[in-house]
Amino acid sequence: MTTAAPFSHPIRIYWEDTDAGGIVFYANYLKFFERARTEWLRSLGVEQQSLREQSGGIFVVTEARIRYLQSARLDDELIVTATLTEKGRASLTIHQQALLKSKHSPDGSQSGAAVLLSEGTIRIGWVQADTMRPTRIPSSLLEKLP
């Protein structure tokens, strides 16, 4: 599958995201990835609650592979991306990255490119919400995906 340009979602790091040392707790990257996937779907006109009400189905994470390279810290601004890399009949595979947004110097110049903090591949499967049994993703939804 040809990948489209990544969807980007900004995230600010708050106290609740960090440990006692002000460093983002590793599991919170999964939350950041979840938010970016949700906003990516929303940008395509897909709201998950409406989807559940109309089709009876929901997405669930079936696999997550994550690599951590550097830590984000309190007050950092991140850009979290989501790129669809595989579209199956019952699952989607999404490549995601958490990047530290480049900082601006007091004179307004950029201090460098965004820095990759974490990346991963997340596979989400489509299931019937009431039984949690895997089923095919509705064709109307697949048609909306790049």
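Helix α2 supplies the largest share of the lining of the largest pocket, 4 residues. The model is predicted: local features need pLDDT of at least 70, side-chain atom pairs count only at pLDDT 80 or more, and totals for chains, interfaces and linings use all residues. Residues are numbered from 1 along each chain as its sequence is written, and side-chain values use heavy atoms, with hydrogens and water left out.

A pocket is an open set of points on a 1 Å grid over the protein atoms alone, where a 1.4 Å probe fits, with protein on both sides within 12 Å along at least five of seven lines; lining residues have an atom within 4 Å of a point. The largest pocket holds about 150 Å³ of space. Its lining includes G45, V46 and E47. Both α2 (48-55) and α3 (139-142) contribute at least two lining residues. Helices are DSSP runs of H or I with at least four residues, and strands are runs of E with at least two. By class, the lining has 4 nonpolar, 5 polar and 2 charged residues.

Salt bridges require a side-chain nitrogen of Lys or Arg within 4 Å of a carboxyl oxygen of Asp or Glu. The count is 6. E34 is partly exposed at 36%, whereas R37 is buried at 6%.

R67 pairs with E119, the closest N and O atoms lying 2.4 Å apart. R67 belongs to strand β2 (residues 57-68) and E119 to strand β5 (residues 115-128), so this bridge ties together parts 52 residues apart in sequence. R67 is partly exposed at 42%; E119 is buried at 16%.

A further salt bridge joins E77 and K101 at 3.6 Å, N to O. This pair links distant parts of the chain, 24 residues apart: E77 lies in strand β3 (residues 77-87), K101 in the loop between β4 (91-100) and β5. Shared partners join R12, E77 and K101 into one network of salt bridges. E77 is partly exposed at 35%, and K101 is partly exposed at 35%.

Definitions and conventions
Points joined across faces, edges and corners; volume = space filled by probe spheres on them. Nonpolar A, V, L, I, M, F, W, Y, C, P; charged D, E, K, R; others polar. Buried < 20%, exposed > 50% of the residue type's maximum accessible area, 1.4 Å probe, protein only.
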